[in-house]
Amino acid sequence: MKRDPQRPQECPGRPQGQPEPPSSPPPSSSSSSPEPPLWIFGYGSLVWRPGFEFTSRKVGFIRGYSRRFWQGDTFHRGSEKAACTWGVAYEVCGEQIAASLQYLNMREAVLGGYDTKLVKFHPQDKDAEEPIQALVYIATPQNPSYLGPASEEDIAAQIMASSGCAGHNIEYLLRLADFMRYFCPQAEDKHLFSIEEALISILPCMCHTEDTLEETSGVPQKTKS
């Protein structure tokens, strides 16, 4: 199991039959206001692999949550705290809204077991005036795949041994750490970087063990007389 820290309305039919010519021009359909855009906030693999079309994206954070690798995942690869979580918010418009929600509902809710919440997203842009309301997928302790707290060393060891349809869990961790390092250098994520450090310390040991096993497999074994 891996460790994770992501409807069109039907128009009524027209009555059949020959209508009488209107005495005045019908109201223009353009008078109806367009559907407002939707912002979707991602803090895990969505920061580098959203998987849906979007109009724009902004780096920023939400308050009241901390990213934690406490969520299990048997298919792909945080938990509420008084802190903030950095990530990317994607703006989707028009037909992109229904398509993105359908995709994310399967990716995050059905396969991941995440709940949806509306949060205030604070863009990193200096010229941003007010927070933006955004949709986010959150892992809660009620999730059947919720694993709970563990030491950074234990989490790193589990990440080392986990892979699935979306790739290896090591990629998930390292890409997320790179995102934080390059796009949010002012932010601190001790939990994330401690797991990355623990993973890097394990890698040489794992490589040495695999090399030893390969060398041993090539050595003829003595037979008992």
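Entry 1: I began with R107 and E108, and both residues turned out to be buried. For me, buried means under 20% relative accessible area, exposed means over 50%, and partly exposed covers what is in between (1.4 Å probe, protein chains only). The two side chains meet in a salt bridge, 3.3 Å from N to O. I call it a salt bridge when a side-chain nitrogen of Lys or Arg is within 4 Å of a carboxyl oxygen of Asp or Glu. Side chains of opposite charge can pair when their charged atoms come close.

**Entry 2: ground rules.** The model is predicted, so I keep in mind that local features need pLDDT of at least 70, that side-chain atom pairs count only at pLDDT 80 or more, and that totals for chains, interfaces and linings use all residues. Residues are numbered from 1 along each chain as its sequence is written, and side-chain values use heavy atoms, with hydrogens and water left out.

**Entry 3: the whole chain.** I looked up the secondary structure and got four helices and nine strands. Helices (H or I, at least four residues) and strands (E, at least two) are DSSP runs, numbered from the N terminus. Along the sequence the order is β-β-β-β-β-α-β-β-α-β-β-α-α. Of the 225 residues in the chain, 38% are buried. The chain's accessible surface is about 14,300 Å², and carbon and sulfur atoms hold 54% of that. Those areas come from the Shrake-Rupley method with a 1.4 Å probe; for residues, only the protein chains shown count as cover.

**Entry 4: T85.** I found T85 in strand 5, residues 79-92. Is T85 buried or exposed? It counts as buried because its relative accessibility is 4%. I then looked for its polar contacts, meaning pairs of N or O atoms within 3.5 Å; within protein, one must be able to donate a hydrogen and the other to accept it, and residues adjacent in sequence count only if both atoms are side-chain atoms. The T85 side chain reaches the backbone oxygen of Y65 at 2.7 Å. A polar atom of that side chain also lies 3.4 Å from the backbone nitrogen of R67. Leaving out residues up to four places away in sequence, T85 touches several others, among them F41, Y43, F61 and I62. Contact here means heavy atoms within 4.5 Å.

Entry 5: R67 sent me to the loop between strand 3 (56-66) and strand 4 (71-73). Its relative accessible area is 4%, so R67 is buried. Which backbone oxygen does the side chain of R67 reach? That of W86, at 3.0 Å. The R67 side chain also pairs with D189 in a salt bridge, with the closest N and O atoms 2.9 Å apart. D189 has a relative accessible area of 9%, so it is buried.

Entry 6: How many salt bridges does a search of the whole structure find? It finds six. One of them joins D178 and R181, whose closest N and O atoms are 3.2 Å apart. These two are separated by about one helical turn because they are three residues apart in helix 3. An α-helix has 3.6 residues a turn, so residues three or four places apart point the same way. D178, at 32% relative accessible area, is partly exposed, and R181, at 34%, is partly exposed. E196 joins D178 and R181 in a network of salt bridges.

I also checked the span of helix 3: its 15 residues reach 21 Å from first C-alpha to last, close to the 21 Å expected. The expected span is 1.5 Å times one less than the number of residues. Its buried residues include I170, L173, L176 and F179.

**Entry 7: the core.** I looked up the largest nonpolar core and got 46 residues, with F41 and F69 having the most contacts inside it. Helix 3 (residues 169-183) gives the most to this core, seven residues. Such a core is a set of buried Ala, Val, Leu, Ile, Met, Phe, Trp, Tyr and Cys residues joined through side-chain atoms within 4.5 Å. In soluble globular proteins, nonpolar side chains tend to be buried together.

**Entry 8: Q186.** Last stop: Q186, in the loop between helix 3 and helix 4 (190-217). At a relative accessible area of 48%, Q186 is partly exposed. Neighbours within four places in sequence aside, Q186 is in contact with W86 and Q124.
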